[in-house]
Amino acid sequence: MAREEIEKNGRDEMIIDGCEESKQQEQNNVIFDGVNVNYLKVYYGKFFPHADIFKWMSYGNDGKHPGCDYSYFRRREFSFTLDNDIYLRFQSFNGLSEMENSIKEKCPFKIDIGPVYSVDPAKRHAYAQGGDNVFTPVERELVFDIDMSDYDDVRYCCSGADVCLDCWPLMTVAIKVIDTALRDDFGFNHILWVYSGRRGVHCWVCDGKARRLSNEQRSAIADYFRVYKGNENSHKKVSLTGPALHPFLVRSYNEVLKIFFEEKLLSSQNLFLDEERYEKILGMIPDESVTSELRGKWGDNRRSKEDINIVRWQQLKHILQSGKQKLQGLRRCVEEIVFSFTYPRLDMEVSRHMNHLLKAPFCVHPKTGRVCVPIDPSHCEEFDPTAVPTLSKLLEELNMEGSRRESDIDWERTSLGDSVRYFQSSFLQPLLKSCKEEIEASYSAKLQESKNSLNW
């Protein structure tokens, strides 16, 4: 997503996610059909899960256990984007009530979540006067940002911020590849995937060991997912070097990428439909004799009952993978083409630095009116971005149900209910259980250490 520098502090540049081009606002604060300040007030008053966000951001430090760090939540940065692109950085709150009241009062068009700092971010200036740079990020979820507009060179149905059901599966592929690696290769368990509300997905890795990673360690994990390090202007967007592929890449190719490319993307995007499109693919093959042979085959414009995309792909594979091609690099061109069209395209800088801010789940995207709902990675192929609850739909549902029954929790009787329940049961509850166990174990270890020192 596009980023804009909001403010600089000390050694680190503070970066905020999703600050796009200046919004062309209409009268009465209308940003998108039906989305305005008054409607957002209703949303924050009746739908936004304040308590769940507070519990998440507290990571178990809101209980009565003596091992809790009661300053933890107060040191977390929140950022509000208000009407007319007014940014309020370094917001912090003493607890749930103060956070909820502030959100309802200010009614932000967007809420971003930043790191946990060494001191309360709202009081950073007081510490700066002492001369020591004690204001620094000390903890932050490992985050990933994947934007559909970064796939514009491999999709023909849409471009820019537009998405449809033909190109959205590229996001499904990204979720499957990244989520599997985070769990199987790095051992992370508490991972939250969230629809950005418009053209992409965000990933929050919330395990304790992930939150405490240094910038160097975050960069190393980001580089683990990087398959291209060459000239960005080259036809060849992926270079799979070495005598053998990394096991992670082999697994991704065999279990996800190849299947998706051949069964969906080839036909849905018509990758070989005409000369302009197939020449892009031929440009990835570094052998003129091979490309000339394929051009000769594809120059025949006779109609075929079979899908021309599948036919031409099979012809390309046959030539590149035949026994005549002795060079390992040429034989690997098939894999490189598949990776070029399907492999996840991460915004690396988002993942490398602890100080990056990312849009909070359950915000309403101001340009689409869609809620940033969680995505279940185990069923991500079923996720439909065009069917995500919108603010106007939620208000309509609330009005329809209002006369039939009363409920203390308004989101339960709307299409947002399933998303909140998934967030609570599949993500938040297992996470908090793990956090409380970690707090208990850490406290017990400190007690034992104290006893041992006294005995000594």
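In which hand does helix H8 pass helix H11? The crossing is right-handed, a term for a near helix turned clockwise from the far one by less than a right angle. The model is predicted, with pLDDT of at least 70 needed for local features and 80 or more for side-chain atom pairs, while totals for chains, interfaces and linings use all residues. Residues are numbered from 1 along each chain as its sequence is written, and side-chain values use heavy atoms, without hydrogens and water.

The axes of H8 (residues 247-268) and H11 (residues 308-320) come within 9 Å and cross at roughly 130°. Phe 261, Glu 262, Leu 266 and Ser 267 of H8 meet Asn 309, Ile 310, Trp 313 and Lys 317 of H11, contact being heavy atoms within 4.5 Å.

Turning to the rings, the structure holds 34 aromatic pairs (Phe, Tyr or six-membered Trp ring centres within 6.5 Å). Trp 56 and Phe 427 have ring centres 5.8 Å apart and planes at 85°, so this pair is edge-to-face (planes over 60 degrees apart). Trp 56 lies in helix H2 and Phe 427 in helix H16, so the pair ties together parts 371 residues apart in sequence. Trp 56 is buried at 0% relative accessibility (buried means under 20% relative accessible area, with a 1.4 Å probe and protein chains only), and Phe 427 is buried at 3%.

Phe 90 and Phe 135 also form an edge-to-face pair, 5.8 Å centre to centre with 70° between the planes. Both Phe 90 and Phe 135 are buried.

Methods:
Axes are lines fitted to C-alpha atoms, for helices over the stretch in contact, and angles run from 0 to 180 degrees between N-to-C directions. Helices (H or I, at least four residues) and strands (E, at least two) are DSSP runs, numbered from the N terminus. Rings of Phe, Tyr and Trp (its six-membered ring) pair if their centres lie within 6.5 Å; planes under 30 degrees apart count as stacked, over 60 as edge-to-face and the rest as tilted. Buried means under 20% relative accessible area, exposed over 50%, partly exposed in between (1.4 Å probe, protein chains only).
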